[in-house]
Structures are given as structure tokens and as C-alpha cells.
Amino acid sequence: MREQNLKLVSEEGIRIDGRRFDELRPLKIEIGVLDKSDGSAYVELGKTKVFAAVFGPKEVHPKHLALPDRAILNCRYHMTSFSVDERKPLGMTRREIELSKVIREALESVVFLEEFPRTSIDVYVEVIQADGGTRTAGLTAASLALAEAGIPMADLIAAVAVGKVEGHLLLDLCDIEDKYGEADMPIAMAPRLNSIVLLQLNGRLTKEELKKGLELAKKGINEIYQKEREALRRKYSGVSPVEV
Amino acid sequence: MSLSQMKKSLTARIVQEKIYNLLTQGMRLDGRSPTDIRPVSIVTGLVEKADGSALVSMGGTKILVGIKTEIGSPYSDRPKEGSFTVNAELLPLASISFEPGPPDERGVELARVVDRGIRESKCIDLEKLCLIEGEKAYILFIDIYVLDYDGNYYDPSTIAVLAALATAKIPKYEVVNGKVQKTGEYFNLQLQALPFTVTFGIIKERFLVDPQLEEESALDVSLIIGVDEKNNIVSIQKNSPGLMPENLLEQMIDVAVEKSNQIRRKFIETLNLKI
């Protein structure tokens with residue numbers, strides 16, 4: 001239970017972990033961290049830590065699922081049993097089933113699936129520690145893993161959650177802010193295309209707050225997008241172009 | 001493992017072109033305007049053995065909701081509250097595309113999105129459902145069944161859940177010497193909010209509300225927005241793949257507010273609620 005006098009936002013406008021309202025947690029991105037997959041990425045946003053890996057395009061199993069005009073995209077979002085305060089039972093919870101679906105749909109919005117008919121592209125997101133914002137960090141990681149796997153996309157995806165806590169709109173909620181806050185709105189965008197690829201709201205917001213929240217999210221998304229591009233450049237900076 | 005069922009066949013693309021051309025002239029396949037919802041009918045108390053029930057149709061889509069109550073323990077982090085859970089099943093008799101078996105990801109998503117609106121609007125006063133702090137409380141099992149699927153099962157499901165809740169007669173228990181026992185009486189839930197959802201379909205840069213089946217298969221993006229009676233947004237879910245132009249969101253919120261009010265007026269009038 002919440003302690004009576006716990007205050008998540010100070011009068012000076014500082015959050016419980018010392019951040020300002022529009023400040024992301026420290027973001028760390030690494031690409032190509034799991035050798036056996038075709039593409040992988042690790043994203044750390046504060047204490048939220050997520051791996052993503054991609055296999056494919058590859059043969060479809062079972063075969064009857066194959067589509068003649070495009071690849072199918074499989075996605076599994078999963079949390080390790082020890083990623084949360086109270087041990088999560090093994091297997092997929094209803095929450096994980098829903099999040100697998102919305103993450104997959106976000107990725108499908110940007111991947112050129114029609115380039116790989118009759119194949120499947122499998123995306124695995126594994127949350128190893130959850131401290132708020134796992135679906136958005138997972139989606140960011142998944143889009144980078146797809147990039148490393150060399151799968152063509154219309155844009156990278158950058159994702160973040162905004163929320164309302166003690167009446168204030170905050171960027172990138174940590175777990176305690178999410179738990180005791182009034183609203184949590186995960187958003188993912190393809191920034192170059194000015195398009196939203198994932199949008200959910202859990203909580204109560206007025207129309208004005210929603211609009212302001214979207215602006216705040218865009219600020220965070222642009223910062224994450226820059227970091228993603230930097231990470232990709234870093235990964236490939238030693239590679240010289242092929243000489244003709 | 002979550003697997004896409006999206007197929008954009010040639011016929012689907014032709015249908016999309018047709019629907020889009022109609023939309024640009026402010027029209028729809030079934031004669032509605034882009035922001036018209038289909039006629040809603042609400043029947044409550046159809047299933048006598050349920051503590052609350054409702055059969056709702058929205059155009060050709062039919063939803064049955066039943067509520068059963070049990071006594072159980074409160075959640076350890078909310079010892080002073082009762083609880084509720086929402087489940088949804090897409091029955092195989094509702095559509096050729098639904099198969100028997102445990103709820104698939106569409107059923108799970110439907111249940112969780114309806115749950116979100118009810119929970120976040122604080123529609124049910126959960127503290128009133130506690131009998132003994134930390135030990136005994138009412139648990140409401142709200143189960144949604146899609147009976148006939150002609151597109152958009154979200155909005156009629158929310159209406160049916162609220163209708164079943166609003167008319168439910170919950171068996172009353174009392175605490176005697178530290179034990180709970182049935183009194184033989186019943187009580188009403190006294191809902192504190194009426195959060196209705198409005199489902200949007202987007203084709204290119206245009207949107208429509210309450211898509212019927214043929215439209216649904218032709219959409220680029222589908223989005224659900226829940227609004228309570230104070231015009232707060234209480235839930236959002238983008239429930240399809242696709243790029244959603246960012247500038248459409250504000251217009252859709254305005255329409256969601258207007259349409260949810262229309263549904264709410266109909267709901268209050270049909271159930272003869274005093275609010």
C-alpha cells in the first residue's frame with residue numbers, strides 16, 4: 001500500500017527520482033548483443049532493461065500459415081519471472097498477450113513485409129527488469145533489432161510513455177509513478193513519417209491534457225530517435241562502403 | 001506467440017478504394033454518414049441465473065454480457081476493496097473467422113480494453129464491495145460473449161457491460177460473528193460513471209466511426225477511444241497495424257466525445273436511469 005505522505009512530485013517541480021517533468025531516464029542502447037539471432041538490441045531506460053532479437057526472414061512453420069504476397073510477422077513480448085517485485089508465474093499472462101499484439105502491429109506498420117513473401121519474421125522481446133515503460137522500451141529495441149537484421153523499414157520506431165501524476169504531466173514514467181499516477185499513455189511513432197504506430201491510454205485525461213501529453217511524448221520520442229540513430233552509426237562506423 | 005491475421009487481398013483493396021471514394025463525398029456503404037453510429041438496442045435481464053445480464057445489438061453485431069458474483073479475498077495491495085474481472089470470448093457461432101478454443105489475442109484485447117474504461121473511470125465503487133477488510137469481499141465476474149459479428153464489437157460490448165452492471169441485483173451478504181453469510185436480499189451497484197467507447201476506422205487521411213464488417217476489413221488503422229460523462233478520455237487503444245496520421249487524433253477525440261454522449265443519452269433513456 002502507498003505510504004500516506006509519499007509525494008511523487010515536489011513543490012519545486014522535481015520528481016521522485018530527481019528528474020524534471022520533461023526528462024527521460026538515462027538511456028543506453030546497444031545493437032548486436034545476441035550472436036545467434038539475425039538482429040538484436042538491448043535497451044536500458046533507467047532500471048527498465050529489455051532485450052530484443054529477430055529471426056528471419058525464414059521458412060514459415062507450420063507451412064499453411066505462409067502468405068503468398070508477403071511475410072508474416074510473429075511477435076512475443078515476455079517478462080522474465082524475476083523482472084518484477086512479486087515473481088511472475090511462468091507462461092504468458094493476458095497482459096503479455098495483449099502487448100505482444102500491439103507491439104507486433106506497431107512493427108507491421110513500418111516493415112516492408114511484401115518484400116519477403118512466404119516467409120516469417122520472428123521478433124522476441126524479453127523484459128529482464130521492469131520499472132515502467134517496458135512495452136515502449138521493448139518496441140524501441142525491437143525496431144533496432146529489425147534494423148540490424150537488415151530488414152527494410154519505412155522508419156525506425158521510437159516509443160515512450162507519458163503520464164499524469166499528482167496533476168502533472170510527466171515524460172517517461174517509472175514504475176512507482178505509473179502505479180500511483182492518474183494516467184499512463186504509451187505512444188510509439190515513426191518520427192520521419194509523423195505517424196503514430198502505437199497508442200494506448202490507461203487512466204483519465206482531459207482533452208487538453210491529452211494534447212499536451214502528446215507534445216511531451218514527441219519531445220521524448222525525438223530524443224530517443226536521435227539516440228537510436230547514433231547507436232546504429234556507432235555500430236557500423238568501422239565498416240567502410242564496398243568499393244566497386 | 002502473436003501472429004498477424006491481416007490480409008490485404010486485391011478485393012480488399014478494391015473495397016477500400018470504394019469506401020474511400022464514398023468517404024470523400026461524406027457517404028458510407030450502408031447509407032450512413034462518416035460519423036453516424038448504427039442503431040443500438042439494449043435488452044437487460046435476459047439471463048435470470050446471472051446476477052446481471054444484457055443483450056446489446058449495434059447494427060448487426062450482437063453482444064451478450066453476464067455477471068456472476070462470488071465471495072473471495074481482496075487483493076493484498078487493496079485490502080479494503082472488492083474486485084472485478086472482465087473476460088471476453090469471440091464465439092464460433094458469431095463469425096466464420098472465429099474458432100473454438102480459449103480466448104485468442106483478440107478476445108484478450110477486447111476484455112482488457114473494456115476493463116480499462118470501467119476501471120479508470122471508477123465506475124464501480126469497489127470499497128462498497130468489501131465485507132471484511134483484507135479477508136472477504138465481493139468479486140464480480142463480468143463475461144462478454146460476441147454472438148453475432150458484423151464489425152466493431154468494442155462499443156456494443158462496453159454498452160452491454162454497463163447495462164448489465166447498471167441493472168444487476170447482487171446477492172447481499174452480511175458479516176455475523178466474523179463470518180459472511182447470505183441474507184437472501186439483493187442490492188444495486190449504483191454506478192459512479194458511464195464510460196462509453198467509440199471505435200474509429202481510418203482510411204488514408206479520413207476517418208469513420210463504428211465500422212461494419214465490410215468496412216473493417218478495408219481500414220488502414222482502427223482506434224478505440226473511451227469517454228466518461230465528464231468528457232474525460234478514460235481509455236485509448238490502437239488495435240490494428242498501420243500508420244496513424246498524428247493530426248487526426250484531435251478531431252477523433254472531439255467526435256468521440258460527441259458520439260459517446262449520444263450513446264449515453266440512449267442508454268439512460270432505455271434503462272430509465274435517474275441520473
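Asn152(B) counts as buried because its relative accessibility is 1%; buried means under 20% relative accessible area, exposed over 50% and partly exposed in between, with a 1.4 Å probe and protein chains only. Its phi is near 45 degrees, a positive value in a residue other than glycine. Asn152(B) sits in the loop between β7 (136-148) and α3 (154-167) of chain B; helices (H or I, at least four residues) and strands (E, at least two) are DSSP runs, numbered from the N terminus.

Asn177(B) also has a positive phi, near 50 degrees. With 79% relative accessibility, Asn177(B) counts as exposed, and its loop lies between β8 (170-176) and β9 (179-187) of chain B.

## About the model

This is a predicted model, in which local features need pLDDT of at least 70, side-chain atom pairs count only at pLDDT 80 or more, and totals for chains, interfaces and linings use all residues. Residues are numbered from 1 along each chain as its sequence is written, chains are lettered from A and ligands numbered from 1 in the order in which they are written, and side-chain values use heavy atoms, leaving out hydrogens and water.

## Cis peptide bonds in chain A

Most residues other than glycine have a negative phi, and most peptide bonds are trans. The bond from Gly56(A) to Pro57(A) is cis, with omega near 0 degrees, and Pro57(A) belongs to strand β3 (residues 48-59). Another cis bond joins His61(A) and Pro62(A), with omega about -15 degrees; Pro62(A) is in the loop between β3 and β4 (72-79).

## Chain B as a whole

Chain B has 5 helices and 14 strands. Its C-alpha trace spans about 70 × 40 × 35 Å along the principal axes.
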